[in-house]
Every structure is written in C-alpha cells, then in structure tokens.
Amino acid sequence: MKAVGVIVEYNPLHNGHVYHLQEARRLSGADAVVAVMSGPFLQRGEPAIVGKRARTEMALHAGADLVLELPVAYAVQPAEWFAFGAVSLLHRTGVVDSLCFGSESGDLDSLQRIARVLAVEPAGMREDIARRLREGANYPAAYAGAAAALAPGGVDAHDAAALLEQPNNSLGLHYLIALQRLGSAIQPFTAARTGAAYHEATPGPGAIASATAVRRLLMADGPDAAAPYVPAATLAILHREWQEGRAPIHWERFAQPLLHLAATRRASELERIAEVTEGLEHRLSRTLAQLPEPSVESLLDALKTKRYTRTKLQRMLAHLLLNHTKAECSPEQLAAGPGYLRVLGFNTQGQSLLKQMKKTASLPVVLKPSTFTHNQLELDIQAQVAYGLSCEHRDTRRMFSDYYESPVRV
C-alpha cells in the first residue's frame, strides 16, 4: 500500500484543504493519506479554534486515513523545527512513500535546489541572518534574505527572495531541508494553492476561502457563516462543538491565567521561557503595566514591532502559558526528533496502515498515552489540559482526554 504524507493544522478544515488532499493522492498515486496534525496550539502560536479530536474527525471525513499528532514541542516552533518534527514523524512511520505540501509557486524544482544548498547550513549564513536582524528585519525576512543570497546556479537571487517571501513556499522549503537532513527516501510533491491566499482576510467569489477568512466568519457569526467554504462534515462538527460549549477557542479564553503568569513572574523567570529573547522579558513587564485593558489582544498589539512579529509573540505567549523552557525547546533537544507516533484517529484504510506501521515504525506507536511515558508526551498532555480549561463548559474528562479517550474512528 502506497501512502502519502501531509502536514496540516486544519484550523478549521475547509474546501481548500479537501483540494490539497485530492491533489496529494493524484500527484503521488498513493492509496492512503497519513496526516501529521498540530494539537491544541499551532505553529503561529495561537490556540486552535476547535479541539484536536474534532479536527481529526474533519480530516478523516475529508480524505485522510490516519492522523498522527505533532508533539507540541514541535508544533509551536518556527518553520525550521515545525517542519523537522513533522517530516521526522512521517519518515519514522516506515510506511510513507511521499510527501505533498501546498505552495504558492508550485515550483518544486527551484525549492529543491535551494534546499540542497541549505540542508548543510553554509558557512556564514547565521552571521548573515544576525546582520539582517541587527538592521531591523524580523526573523522570517532575515532567513529568507540570507537563503536567497545563497541561491544555487539556475535560481536568480531576486527570484529566490520573492519565492521565499510567500509563507507556504517558505514552509515547503523547510520540509525539503528536513528530508535532506534525515536522508529520507520520501519523495516530495507540491500542489499549487488555488483560490484564496494564505492570509486573505475575506472570502472571494469562489468556494475556497483562507483559514483566516473562515475563522473570522466563525468568530463573527458562527458555523453557518462558513458553510459555503467548508465540507458538510466539517460544518456538522463545527455546529456540535459550538452547541456543546467547546468552541470557539481564542486567545481571550486564556487571558486570566496568561496575564497572571506574565504579571507575577520575575524577569529572571520569564527569561527562561522559550522565545523570550533579546530582552523581551523586560519589554513584557513594562508593557503589561501600561495596557489600556487587560486582554491578550491588547498585549499583543502593544508588544508588536517590526522586529517582533505577532507570530513570534504568540509563540512566546503559548510557551509562557504552557511553561515551556528554553532548555526543553533547545535546538539540541529538538534535533533528536519526536520520541513516539501518537495516533489521533483512523478509518478502515488507516487501521491497515497501523498494522503495517507496527512492523515498520522506528518509534513506538502510541494509541493511549496512559500506556506510554515520554517527556514530550507529558508536554502534550499538559497542553490539552490548558486547552480544556478554556472551554465554556469545563469537563475534567475532556481536560484529561488524552488519558481517557481512544483514537477517533470514522
């Protein structure tokens, strides 16, 4: 059985994601799709609008066959480590033959040529990034500029810079770098994005809207407002989550514990938290004292600068909420890769893949966390507890669902 991997967040799953799943099967010729999905907190730092079990259901109804959780230690990270963690999981299953990612360009060849140069980080690249940061660039722009300057023959540096300024191209590059560094035989494919752009805030005339636009509709008017842009199964799941008080989840649901932690920790304690860099511990304390209102959005707005993007700040706040330290999220720790394959859900085809994985996987396959111990898994369980506390109707079993609930079956 041929299997293609996809790396997803589904916040929430919409029609563009269905197109990607269909293209992944078509381009790869695969019989099954393995999705690696972020859990309660996402790569840009924010909490998912609905929980991971609901999003797993959406994925299985939309065409995925097996869903694995990306550990939160990798999920809430810059692109380099997010990609490395997710690709590592696909590689370590032993059943995934290919990887299909979305990109704005659809230009796999150019991305692969740049990835081959960057996989063994060229001398001077870190210094170039540091120089660009000193000149006022934020980290994504500094990395893209330094990477473009090293563009190999056949790829114009100006064209490379334009290519890497687009978020899906940039993330796709990091998937390709991860494949190179792992020495993986997984074959990459890319599906060009269609319809809305990644950050497009309002829906266009077609049936595909960005996740950003879909979330805005959901937050403003509830599930029915998103109906034209999501599959029927997703819409039904969204209605259920809204009715049962488990959605929508957003930053303000975490305001009380998060602002308490930020306000009561000393600078020396804040400095230990992941993504608290370059004196941000002092800026955070000063800014809190000057907020016009005690809200997470007002804090993010006040902290944001050209240097400190909203994404970096959101990741910092997520790490603060979850007490993730620099030591736990150090490059040395992350370079070791995920320590297990956590199964969130599967269908009949996925169940067959699971049987195969138990023979081929080079990591433990975990269906119930109560049967397995690992420091990364402890962080996942803590993240789910924090997420569960944000729900309108709190339920202890829901908070500790990682212990109580079996994988989703569709």
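Helices, written H, are DSSP runs of at least four residues, numbered from the N terminus. The views below come from a predicted model.

**View 1. The second largest pocket and the helices that line it.** Helix H12, residues 255–264, and helix H19, residues 375–389, each supply at least two residues of the lining of this pocket, and H12 gives the most, with three residues. The pocket has a volume of about 220 Å³.

**View 2. The residues around the second largest pocket.** The lining is made up of Glu252, Arg253, Phe254, Ala255, Gln256, Pro257, Leu321, Ala386, Leu389, Ser390 and Arg394. Sorted by class, the lining of the second largest pocket has six nonpolar residues, together with two polar and three charged ones.

**View 3. The packing of helices H4 and H9.** Helix H4, which covers residues 79–93, packs with helix H9, residues 167–182, at an angle of about 55 degrees, and their axes lie 8 Å apart. Because of that angle, H4 is oblique to H9. The crossing of these two helices, H4 and H9, is right-handed.

**View 4. The contact between H4 and H9.** On the H4 side, the residues Ala79, Glu80, Phe82, Ala83, Phe84, Val87, Ser88 and His91 meet Leu171, His174, Tyr175, Ala178, Leu179, Arg181 and Leu182 on the H9 side. Taken by class, the residues of this contact of H4 with H9 divide into ten nonpolar, three polar and two charged.

Notes
Residues are numbered from 1 along each chain as its sequence is written. This is a predicted model: local features need pLDDT of at least 70, side-chain atom pairs count only at pLDDT 80 or more; totals for chains, interfaces and linings use all residues. Side-chain values use heavy atoms; hydrogens and water are left out. Axes are lines fitted to C-alpha atoms, for helices over the stretch in contact, and angles run from 0 to 180 degrees between N-to-C directions. Angles under 35 degrees count as roughly parallel, over 145 as roughly antiparallel, 65 to 115 as roughly perpendicular and the rest as oblique. A crossing is left-handed if the near helix is turned anticlockwise from the far one by less than a right angle, and right-handed if clockwise. Contact means heavy atoms within 4.5 Å. Ala, Val, Leu, Ile, Met, Phe, Trp, Tyr, Cys and Pro count as nonpolar, Asp, Glu, Lys and Arg as charged, and the others, Gly among them, as polar. On a 1 Å grid over the protein atoms alone, a cavity is a set of points where a 1.4 Å probe fits but cannot get out, and a pocket is an open set with protein on both sides within 12 Å along at least five of seven lines; lining residues have an atom within 4 Å of a point. Grid points are joined across faces, edges and corners, and a volume is the space filled by probe spheres set on the points.
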